[in-house]
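Visitor: Hi, I'm new here and would like a quick tour. Can you show me what we're looking at?

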Amino acid sequence: MSLTLVCSIGAAALLFALFRWVVPAAVQHHGRLAIFWHEVVVGTILDTLTRSTQPQRLLRAVQTHATRGNPRSVIQSIDDFCRHREWAMNVGDEKGCILDSIVSEVNPTFVLELGTYCGYSAVRIASVLGPQAKLFTLEFNKDYAAVARQVIDWAGLGDQVQLVEGASADWIPKMKEQFGVKTFDLVFLDHWKEAYLPDTKLLEESGLLRKGTVLLADNVICPGTPQYLEYIRSSRRYQTQFYKSHLEYTKAEDGMEKSVFLG
């Protein structure tokens, strides 16, 4: 074996180790670096090599490893995929437990989710809902929505989840007219972070919040929603509580904000 070949194999092994273990470990405690590394660097490389998108690969993992009609199996397969194969910005397993507990505590009839992505949190929410409850989830990206529908259907929750494609700013004012919803009991904010505040104000203006409606906002520390937090924490219309946690599938500081609308 020539020296050149040995050097080439060694360099390839080093690059693989850096890509697979060293850099991911190094960014574990740095949320923005973790997002950049996994979404921009790794995501671009894998999309190019596989000629597919991360949502498509995540869907294949669900179809390969999850039991059809079993929501918890779907959740577990996505968590395994994101921890051991490709990081993705779902709410994740740690914050997912907070989400589960709040859904159980509120016991809502009508839930609104802003930001479906691949359907992970929609499956978590719907799997905890009562049989007569309904989840409306809004997703702007049509490709994400196409994958999310299949993930939700694979979990056996298609009848309980209404996935709506389009911008939240366009749909929120039309929810009463289009779907006959008077108010929501629970709103989960997990879409574009800069949209948290304007969409909350739009929910207020549209009369979709009642006294006791719970707003639960994800990623309020990383990537962060400072304007939303300033508004919600200073307003006399909300009683609010912070749940300390970590950015999904990392050790970087993050958290969720639970806010009860007081009317």
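Guide: Helices (H or I, at least four residues) and strands (E, at least two) are DSSP runs, numbered from the N terminus. This is a predicted model, where local features need pLDDT of at least 70, side-chain atom pairs count only at pLDDT 80 or more, and totals for chains, interfaces and linings use all residues. Residues are numbered from 1 along each chain as its sequence is written, and side-chain values use heavy atoms, with hydrogens and water left out.

Visitor: OK, how do β2 and β3 pair?

Guide: In the parallel sense, over five bridges, with β3 covering residues 161–165. Glu139 has Glu165 in β3 as its bridge partner.

Visitor: And what about β1 and β2?

Guide: β1 (residues 110–114) also pairs with β2 in the parallel sense, over five bridges. Leu112 stands opposite Phe136 in β2, and Glu113 has Thr137 there as its bridge partner.

Visitor: Is β2 mostly covered or exposed?

Guide: Mostly covered: β2 spans residues 134–139, and five of those six are buried. Buried means under 20% relative accessible area, exposed over 50%, partly exposed in between (1.4 Å probe, protein chains only).

Visitor: Zooming out, what order do the strands of the sheet have?

Guide: The order is β3-β2-β1-β4-β5-β7-β6, in an open sheet of seven strands with mixed pairing. β3 and β6 each have a single partner strand, so one side of each is left without a neighbour in the sheet.

Visitor: Which helix makes a unit with β2 and β3?

Guide: Helix α7 (residues 142–154), and the β-α-β unit is right-handed. That means that, with the strands pointing away from the viewer, the path from the first strand over the helix to the second runs clockwise. β1, α6 (residues 120–128) and β2 make a right-handed unit too.

Visitor: New topic: where is Glu248?

Guide: Glu248 is in the loop between β6 (238–246) and β7 (253–261). Glu248 is buried, at a relative accessible area of 2%.

Visitor: Which side chain does Glu248 have a polar contact with?

Guide: The side chain of Lys95, at 2.7 Å. A polar contact is a pair of N or O atoms within 3.5 Å; within protein, one must be able to donate a hydrogen and the other to accept it, and residues adjacent in sequence count only if both atoms are side-chain atoms.

Visitor: And Asn219, buried or exposed?

Guide: Buried, at 1% relative accessibility. The Asn219 side chain reaches the backbone oxygen of Cys222 at 3.2 Å.

Methods
Pairing = 2+ DSSP bridges.
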